[in-house]
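Student: I am new to this model. Please show me how to read its main features.

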Amino acid sequence: MIKAIKGDITKLEVDAIVNAANELMLGGGGVDGAIHDAAGDELFEACLKVPEVRPGVRCPTGQARITPGFKLPAKFVIHTVGPVYLDGKHGESAKLGNCYRNSLALALENNCKSIAFPCISTGIYGYPIEEAAEIACSEAKAFLAQHENIEIVFCCFLNRDKIIYDKLLAQ
Ligand code: ADP
């Protein structure tokens with residue numbers, strides 16, 4: 001099942017919430033900061049322990065890493081790094097698609113039955129919400145066609161975003 005809701009992702013009682021992290025994985029602004037604040041310092045400590053694949057990079061763009069949720073109602077946080085949107089001609093859509101695909105694969109590996117996504121890359125990273133939501137919905141639908149037993153929630157912080165998701169999901 002796929003649905004869009006309006007709300008704060010840190011409040012959701014799902015098996016996993018997805019964080020729109022950066023490659024360093026030690027917190028940041030927007031949803032990343034909200035998740036770290038709500039999960040507590042243990043999340044920071046767990047992120048520190050994620051090995052760097054190269055200096056300053058724990059999670060390359062498009063990939064995903066999992067940690068416990070600590071003080072969050074969610075069991076896990078899946079950290080993924082969306083692309084910074086330049087002009088749409090720098091592989092942004094493939095990278096954003098990878099975020100959804102890799103996050104869903106990690107959720108499956110960890111037996112999650114429910115997962116909630118924020119609108120990855122559409123804040124500070126500047127990805128146009130219509131295009132980003134299309135990618136999110138098509139990846140979610142493709143995943144559900146293979147693995148039925150998982151609930152995918154798009155957690156929109158803005159009304160505008162929920163309206164866009166609702167339209168796409170009704171199609
Ligand atoms: P990015 O750097 O990937 O663009 P941002 O955190 O700047 O990440 O924005 C991603 C999305 O997260 C935006 O749509 C923003 O409105 C949303 N957002 C911010 N705080 C929360 C929250 N507490 N719960 C859900 N979504 C949030």
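Predicted model: local features only at pLDDT ≥ 70, side-chain atom pairs only at ≥ 80, totals over all residues.

Student: In what order do the strands of the open sheet stand?

Tutor: Strands of a sheet pair through backbone hydrogen bonds, parallel or antiparallel. Here 6 strands form an open sheet, ordered β1-β6-β5-β2-β4-β3, with mixed pairing. Two strands pair if DSSP finds at least two bridges between them. Strands (E, at least two residues) and helices (H or I, at least four) are DSSP runs, numbered from the N terminus.

Student: Which strands stand at the edges?

Tutor: β1 (2–6) and β3 (64–68) do; each has a single partner strand, so one side of each lacks a neighbour in the sheet. On average, neighbouring strands are turned by 25° against each other, direction ignored.

Student: Which residue in β5 stands opposite Ala16?

Tutor: Ile115 does. Strands β2 (residues 16–20) and β5 (residues 114–117) run parallel, joined by 2 bridges.

Student: Which strands does helix α2 touch?

Tutor: Helix α2 (residues 41–49) packs on the sheet and touches β3 and β4 (76–80). Contact means heavy atoms within 4.5 Å. The direction of α2 makes about 135° with that of β3. Axes are lines fitted to C-alpha atoms, for helices over the stretch in contact, and angles run from 0 to 180 degrees between N-to-C directions. Helix α3 (residues 92–109) also packs on the sheet, and its direction makes about 155° with that of β5.

Student: Is Ser121 buried or exposed?

Tutor: Ser121 is buried, at 5% relative accessibility. Buried means under 20% relative accessible area, exposed over 50%, partly exposed in between (1.4 Å probe, protein chains only). Ser121 lies in the loop between β5 and α4 (129–146). Its phi is positive, about 75°, although Ser121 is not a glycine. Asn111, in the loop between α3 and β5, is exposed at 58%. Phi of Asn111 is near 60°.

Student: How many residues line the largest pocket?

Tutor: A pocket is an open set of points on a 1 Å grid over the protein atoms alone, where a 1.4 Å probe fits, with protein on both sides within 12 Å along at least five of seven lines; lining residues have an atom within 4 Å of a point. The largest pocket is lined by 25 residues. α1 gives the largest share, 4 residues.

How values were computed. Residues numbered from 1 in each chain as written. Heavy atoms only, no water.
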